[in-house]
Amino acid sequence: MFIEPKSDRAIPGDLQPAINALCNVAADLSNRIALGPLGADLAQAVGANTDGDQQKALDLIADDAFMAEMAKVGVRWYASEERDTVEQLDPVGALALAIDPLDGSSNIDVNVSIGTIFSLQPALADGNDTFLRNGHALRAAGYFIYGPQTALVVTFGEGVRLFVLDRSAGRFVEAPDLMVLSQDAGEFAINASNYRHWSKTVRAYIDDCLAGIDGPRGRNFNMRWVASLVAETHRIISRGGIFLYPGDGRDGYANGRLRQVYECQPIALLIEQAGGKATDGVQRILDKVPPHLHARTPLVFGASDHVDRVATYHDLPDQEVSALFGNRGLFRA
Ligand SMILES: O=P(O)(O)OC[C@H]1O[C@](O)(COP(=O)(O)O)[C@@H](O)[C@@H]1O
Ligand SMILES: [Mg+2]
Ligand SMILES: [Mg+2]
């Protein structure tokens with residue numbers, strides 16, 4: 001076994017082979033990533049996926065490795081960010097796996113945390129129908145983080161569990177405590193270089209954070225942006241705060257950058273299970289049905305109060321946001 005749960009906590013029996021196989025591949029990837037420049041050039045550009053995103057060597061290595069193992073463990077449908085269509089693996093398998101095999105690709109060659117995001121749900125007769133459902137069908141959601149520690153963070157619907165890779169044993173060993181999101185950290189994460197492309201609503205929210213103790217929030221905030229969704233999620237689950245990847249005015253970014261099936265649904269389930277919230281700014285992510293396999297959605301997640309507050313900015317009539325915005329614009333001269 002490549003995973004060692006605490007003796008008083010089980011992994012649902014029908015999911016165990018798939019979770020074990022995911023751990024096997026992730027441990028191997030972790031070893032390869034850890035070699036850095038002593039190993040193969042994992043950051044080499046090798047092409048583009050259907051969405052036009054650049055693919056790095058590690059995106060494809062990870063995708064091939066996960067797909068090969070999933071064929072042996074009762075997974076019928078395999079949907080990957082790196083593939084145009086759903087692949088059928090085991091025709092009599094009962095499960096469907098959605099995966100972002102390598103998240104945070106821009107960080108591969110700079111020794112910053114990257115990851116793998118996945119979800120498992122029951123397989124329907126048709127692959128597309130399986131994945132084009134809202135997030136309430138998920139049986140499990142998780143990510144592997146390849147960082148100073150390689151870890152698996154996963155939920156089976158009863159809280160969020162942490163397993164750390166013990167390299168000497170070659171196994172992911174469960175940590176004693178469940179992960180619970182702290183509600184009061186004052187930290188936000190957003191790619192602020194897109195400020196000029198955001199809606200007034202998003203600008204007003206961030207302006208208020210930046211105004212700190214002198215603004216309407218009456219407290220100072222800190223900012224972080226790793227450009228690796230797994231790393232941001234791990235930090236927020238570990239110590240709180242809020243993450244935003246809103247839609248913006250750039251070509252192709254009307255719904256932001258993050259994919260509903262491979263990234264947003266699993267992260268949303270984890271965050272909710274840790275005691276937080278995940279929305280597109282207004283609507284709960286888990287309630288949304290993906291319009292197509294590679295659909296993107298704006299994503300806002302973190303401590304409940306922070307996420308609720310973002311929704312109140314969206315609720316303001318446009319004139320009111322404009323009026324607020326007229327008094328702010330802290331990024332402008
Ligand atoms: O470069 P940007 O626009 O800040 O986007 C960063 C976001 O893009 C991602 O890298 C997208 O994931 P992939 O690396 O799987 O394409 C997220 O991990 C991250 O949150
Ligand atoms: Mg990703
Ligand atoms: Mg990816």
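**Figure 1. Residues around ligand 1 in the predicted model.**

**Figure 2. Polar contacts to oxygen atoms of ligand 1.** Arg 257 places a polar side-chain atom 2.8 Å from an oxygen atom of the ligand. For Ser 105 the contact is made by a backbone N or O atom, which lies 3.0 Å from an oxygen atom of ligand 1. Glu 263 contributes a polar side-chain atom at 3.1 Å from an oxygen atom of ligand 1. The protein buries 89% of the 470 Å² that ligand 1 exposes when taken alone.

**Figure 3. The largest pocket and its centre.** The largest pocket holds about 480 Å³ of space. Its lining comprises 25 residues, of which Gly 104, Ser 105, Ser 106, Ala 227 and Arg 257 are the closest to the centre. Two or more lining residues come from each of strand 3 (54-56), strand 6 (95-103), helix 5 (229-239) and strand 14 (242-245). Strand 6 is the element that gives the most, with three residues.

**Figure 4. Composition of the largest pocket's lining.** Divided by class, the lining of the largest pocket has 11 charged, seven polar and seven nonpolar residues. Both domain 1 (3-174) and domain 2 (187-326) take part in this lining, each supplying at least three residues.

**Figure 5. The second largest pocket.** About 410 Å³ of space is found in the second largest pocket. Among the 24 residues of its lining, Ile 33, Ala 34, Gly 36, Ile 108 and Asn 111 are the closest to the centre. Helix 1 (residues 16-34) gives the most to this lining, with four residues. The lining of the second largest pocket is made up of 12 nonpolar, eight polar and four charged residues.

Definitions and conventions:
Residues numbered from 1 in each chain as written. Chains lettered and ligands numbered in written order. Predicted model: local features only at pLDDT ≥ 70, side-chain atom pairs only at ≥ 80, totals over all residues. Heavy atoms only, no water. 1 Å grid on protein atoms, 1.4 Å probe; cavity = no way out; pocket = protein on both sides within 12 Å on 5 of 7 lines; lining within 4 Å. Points joined across faces, edges and corners; volume = space filled by probe spheres on them. Nonpolar A, V, L, I, M, F, W, Y, C, P; charged D, E, K, R; others polar. Domains from an automatic or database assignment. Polar contact = N/O pair within 3.5 Å; in protein donor to acceptor, adjacent residues only side chain to side chain. Areas by Shrake-Rupley, 256 points an atom, 1.4 Å probe, with all protein chains shown as cover.
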